[in-house]
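Visitor: Could you walk me through this structure, please? I am new to reading protein models.
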Amino acid sequence: MTLTAAIKIAQSSLFNVSQQTQLASRNISDAGNQDYVRRDARVSTAPYGARVYSIERADHPALFRSALSALSDSSAQSVIGDAASRLQTIVNGVDNQNSPATKIDALRDALQVFSSDASDSILGAASVDAARDLARSISSASRDVQAFRGQIDRDIAAGVDQLRGLLDRFEQVNSQVVSGTRTGRDINDELDQRDALLKQMSEYVSISVVTRDNNDMVLFAGQGITLFETVPRAISFDAQAAYDATTTGNPLRIDGVPLHVGQGANTSASGKLPALIQARDTVAVQQQAQLDEIARGLVETFAETDQTGGGAPPLAGLFTYAGGPAVPPAGTMVPGIAGTLSVNAAFDPDLGGDPMLLRDGGANGAAYIANTTGGAAYSDNIIGLIGAIDASRTIDPAAGVPGDRSVSGLAGASIGWIENMRSSADLASQSKKALHDKLSGDFLAKTGVSIDDEMTKLIALEQSYEASARIMRVVDQLYDALFAAVR
């Protein structure tokens, strides 16, 4: 080996060590960055030793795509679990203290006490108070459910804005990746940025990726809707100004196609946005339907009937609503009735009414008087109302609680429905989060930075540097000796 060749070999080694040292230092500095993918130097033989011919990311596309899918599923499931928990609190309160079932039990208890001393108007007024508390809790819960739907609408709108912003940034970074690939420029930082944006977008909608020439990406959302191809596709959503029980929420459209809505407590939705639509249009609507059917059941249960046999229709008694005094048809839901449920003013002493109508009947005229003799101890009508609370009635299947039930049974079943929804959603959320955590951990293990490994590399590079420097010193000494011999 000539001295010139030895110098070139040492120079090549020092240059490689310098590049690899910079690379290891960069890896170490970004070890805590979840969006950073480890860089590895690719070395090949050269005429004088070896050379670093490229810097590559330790990428794992298949595992990354699986982690994205798991992130979308976990994000969607978290939305459904949170919605069920929120609705449970809105409708039933902490430990079900404000639930319709609890308030119905309180009304039944008040009527039982009243029936033991039917001449006591104070006990009658206490029963009306219990009824008023029940009606207020149901109407308040109905308004809160609709307010919750309105909040979900605003969350969808905010999510759409955020997704649009992410797509705009994705367009910029993707363009840099494509142009850098064409010119051979190092694009590893841009690839990291693009993957980070994919993770953020996957929280909102499920993302499928197709990579074309020059690392150009095409994105598809949900059921194959084109989300991005060179430029972002249009995402449209119009939030409602206000919600009531008859309001239908607007769809979210990507590239003109409505996004599919998830189904079930263990939701089929993938991404926050379709899950939010499910919470708004399915979960909350089902809860509202149960409130409406409980309210209709109360109007029916406490309705006054014709006592003369004259065939007059039943009319609203203790409970009425905006469509009163007519009693809704049995087993037929009245959308929004829960929001207008109230105690009939004829019974309410605070409004000039007479609570003793609970004992006597007749709020709707003489034909509806049950206590025709005017007996002070007459309690048959009160006892009949107590029995009616637990009497089986036809329930509209739209309430989502199958089978005929009493109004108290329906209220209890409604608690069970939302609790089952919440617990099932939470269990599924834990499972989907665990899968995402596992896949993300596996991805980081394969692509992330190990401080120990990088420090080991630095030690080896330091030794290589010392060896190259030693060669340079020896060559320098040989040149000195050679020049001295020539003089």
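Guide: We shall discuss salt bridges, a sheet, some backbone angles and a surface patch. Please keep in mind that this is a predicted model.

Visitor: Let us start with charges. How many salt bridges does the structure hold?
Guide: The structure holds 34 salt bridges. As background, side chains of opposite charge can pair when their charged atoms come close.

Visitor: Take Asp-192. Which residue is 2.7 Å from Asp-192, going by the closest N and O atoms?
Guide: That residue is Arg-39, which forms a salt bridge with Asp-192.

Visitor: What about Arg-57, how does it relate to Asp-192?
Guide: Arg-57 forms a salt bridge with Asp-192, and their closest N and O atoms are 2.8 Å apart. This pair links distant parts of the chain: Arg-57 belongs to strand 2, residues 49–57, while Asp-192 is in helix 5, 135 residues apart. Arg-57 is buried, with a relative accessible area of 11%.

Visitor: Which residues are linked with these in a network of salt bridges?
Guide: The network links Arg-26, Asp-30, Arg-39, Arg-57, Asp-59, Asp-189, Asp-192 and Asp-195.

Visitor: Now Asp-442. What is its salt-bridge partner?
Guide: The partner is Lys-438, and the closest N and O atoms of the two residues are 2.6 Å apart. Both residues lie in helix 10, residues 407–447, where they are 4 residues apart, about one turn of the helix. Asp-442 counts as partly exposed, at 25% relative accessibility.

Visitor: How many bridges join strand 4 to strand 5?
Guide: There are 4 bridges between strand 4 (residues 217–221) and strand 5, and the two run antiparallel. Phe-220 stands opposite Thr-226 in strand 5. The two strands form a hairpin with 3 residues between them, and Gly-222 in the turn has a positive phi of about 55°.

Visitor: And how do strand 5 and strand 6 pair?
Guide: Strand 5 (residues 225–229) and strand 6 pair in the antiparallel sense over 2 bridges. Glu-229 stands opposite Val-231 in strand 6, and Phe-228 has Pro-232 as its bridge partner. Their hairpin has 1 residue between the strands, and Thr-230 takes a positive phi near 70° there.

Visitor: How many residues of strand 5 are buried?
Guide: Strand 5 is mostly covered, with 4 of its 5 residues buried.

Visitor: You mentioned positive phi. Why point that out?
Guide: Most residues other than glycine have a negative phi, and most peptide bonds are trans. Asn-214 has a positive phi of about 65° although it is not a glycine. Asn-214 lies in the loop between strand 3 and strand 4 and is partly exposed, at 30% relative accessibility.

Visitor: What about Asp-255, what is its phi?
Guide: Asp-255 has a positive phi of about 55°, and it is not a glycine either. Asp-255 is placed in the loop between strand 8 (253–254) and strand 9 (257–258). With a relative accessible area of 35%, Asp-255 is partly exposed.

Visitor: Where is there a cis peptide bond?
Guide: A cis peptide bond joins Gly-324 and Pro-325, with omega about 10°. Pro-325 lies in the loop between strand 10 (319–320) and helix 7 (337–340).

Visitor: Last topic, the surface. Which residues form a nonpolar patch there?
Guide: Leu-482, Phe-483 and Val-486 form the patch, and together they have about 310 Å² of accessible area. Phe-483 is found in helix 11, residues 451–486. Phe-483 counts as partly exposed, at 45% relative accessibility.

Methods
Residues are numbered from 1 along each chain as its sequence is written. This is a predicted model: local features need pLDDT of at least 70, side-chain atom pairs count only at pLDDT 80 or more; totals for chains, interfaces and linings use all residues. Side-chain values use heavy atoms; hydrogens and water are left out. Patches are made of residues with over 30% relative accessible area and no salt bridge: like charges are joined within 9 Å, nonpolar side chains (Val, Leu, Ile, Met, Phe, Trp, Tyr) within 5 Å. Accessible areas come from the Shrake-Rupley method with a 1.4 Å probe; for residues, only the protein chains shown count as cover. A salt bridge is a side-chain nitrogen of Lys or Arg within 4 Å of a carboxyl oxygen of Asp or Glu. Buried means under 20% relative accessible area, exposed over 50%, partly exposed in between (1.4 Å probe, protein chains only). Two strands pair if DSSP finds at least two bridges between them.
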